[in-house]
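Here is a brief report on a two-chain model. Look it over first, then read on.

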Amino acid sequence: MPDVAIECRDLAKSFGKSSSALQGISFTVARASVCALLGHNGAGKTTTINILSTLLRPTAGSATVAGFDVERQSAEVRSSIGVTGQNAALDEFLTGRENLMLFGQLRGLRHRHARRRADELIERFDMGHAADRRVSTYSGGMRRRIDIAVALVVPPRVLFLDEPTTGLDPRSRRDVWDLVSALRHQDVTVLLTTQYLEEADVLSDSIIVLNSGRVVASGTADDLKCRVGVSYCQITPADPMNLPEIATALADFAGLGVGCDTLIDHTAAAVSVPAPDGVVTFGEVFRRLDGLGIELADISLRKPSLDEAFLSLTSPPVTV
Amino acid sequence: MSALAALTLRTLSGTLRDADLLFAVLAPVGCFLGFTLALGNLIDTGQMTYPQYVLPVVIVQAMLFGAMTTADRAARDRLSGFGVRLRTLPIPAVVPLAARMLYCLIRAVIALVAGIAVASVFGFRMAGGVGYGVLFVVIVLAFAIAVCLGADALGSRIGSVESSSQLLLLPQLVLVLLSTGMAPAELFPGWLGPFVRYQPVSQVTETLRALAGGHVTVASLAATMAWCIALLALFGGLALHMQRRTR
């Protein structure tokens, strides 16, 4: 297998004439690495996964998975991949063990071999207590776990995980993270999608940020954090009427070319500005607002939200 | 091949739990008893006893019930994450369809045996000998596969588990009730006559009745064969078309 496990070149997909889900995205994923596609609902994450797993045909552009072209060599691609979707793709009538065996046989294992492989995975995923219960009785976390196990029955070279932790409680989410991290050592390349910056940060070697069907940024988590800014200073005035005045006073913190309005978060009734120098910025903000005599309900330093990451990543670079 | 076997076994083992095979037995038995006990003395079928007359349509109806199950399964396979995952596996796209058809055949055989068994108690006889008996079974199974392919295409297209089998309920009722399967054409109002006489359920049941009775006309056999082959070709094409993997 080549050193590049996944390569997309100008991949585009439109559904009908008006809606275009992907507007030409290009990226590569190195072999045996974990890559996260980060973005909101509708950013094009699932469409990308569906094209790479041969469920959709691209409207334009091309892509290879494990060295095979997704359109011309789709059968070879399917032999090389494992897929888990947003909803657990299991037969509800069967037990966890039966699902594992079924998918083993569908991937060409003989009955005896499939049984042995199911036993191994049940042990490795710590599911012995539930393996012989019907899947319809499983909790969300259990379901996701057996779903990932099913995708690994015949070890794939590339594994697609579409929102593997959406809808899970924090503990189950942590379990899934551990499972994914362990794959790194088994020569499996993982492409996962997520809406959570934290998840992308914890799990992946590289991150691709999608917005409205375009790649708006890519790189390691550290690269992106540097570009996003270390933290934000959030100011909540006692009276929301003061929000515009605060935004105007702090406009220069946001950088040139960013309108004051974009600093205001109306739902939180707060103003947020980048605080690249941490407490120094915090002190300066506090002094200025104190000077204006505005009464504050709260002022704090916090990590950037995904929204701010997008805002920061999608706004044009400032040249002075 | 092992993928086909594994998927068919999956459907069978799921069936043991949702009791579809039990329904496959109960439907022809129940319908036969219902028709015979309720209508047996009301409808004049000439020299033929009513059990001998009505069994073919009971069997045809059981095949139509099987089609409704198939529509339901196809819709489920289209919609569910399970079905989506099947399309990402290194197996030919036609395998899930083939597995559903294999199940459809198994179900058809069970319903056929159950129907003949109960009717035999009430005096139904296969009077035509082995050759006619084999032809009887072949026609029933060909018809079953044809309607199951149609239902499969519909279920795959609609992709809604509730509405696809509901949609088939009405055509199923119309085709069975307005056929010569339950009563001779003379008993229907004149304006319905042509429809009742020439629609496929009438044609097929008449041929089956003739085969069971031991004297079939070439014309009747040809009409039924034509219907079966035409429906197989049309619905088979549609069902295959619906299995295209990528959109």
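## Domains of chain A

The C-alpha centres of domain 1 and domain 2 of chain A lie 40 Å apart. Domain 1 covers 4-226 and domain 2 covers 230-303; such bounds come from an automatic or database domain assignment.

This is a predicted model: local features need pLDDT of at least 70, side-chain atom pairs count only at pLDDT 80 or more, and totals for chains, interfaces and linings use all residues. Residues are numbered from 1 along each chain as its sequence is written, with chains lettered from A and ligands numbered from 1 in the order in which they are written.

## Helix 3 of chain A

Helix 3 of chain A spans residues 96-106 and is mostly covered, with 11 of its 11 residues buried. Buried means that 20 or more other C-beta atoms, placed from the backbone, lie within 10 Å of the residue's own. Helices are DSSP runs (H or I, at least four residues), numbered from the N terminus. The buried residues include R97(A), E98(A) and F103(A). After the helix comes G108(A), with a positive phi near 95°.

## Where the chains meet

Contact means C-beta atoms, placed from the backbone, within 7 Å. By that test, 20 residues of chain B touch 23 residues of chain A. On the chain B side, helix 1 (2-18) and helix 4 (81-86) each give two or more residues. Helix 1 of chain B gives the largest share, 8 residues.

## Nonpolar cores

A nonpolar core joins buried Ala, Val, Leu, Ile, Met, Phe, Trp, Tyr and Cys residues through C-beta atoms within 7 Å. The largest has 141 residues; V65(A), M63(B), V140(B) and F143(B) touch the most other members. Helix 3 of chain B (residues 50-79) supplies its largest share, 17 residues.

A second, separate core of 17 residues includes A249(A) and V285(A).

Conventions: Buried ≥ 20, exposed ≤ 12 C-beta atoms within 10 Å, placed from the backbone. Contact = placed C-beta atoms within 7 Å.
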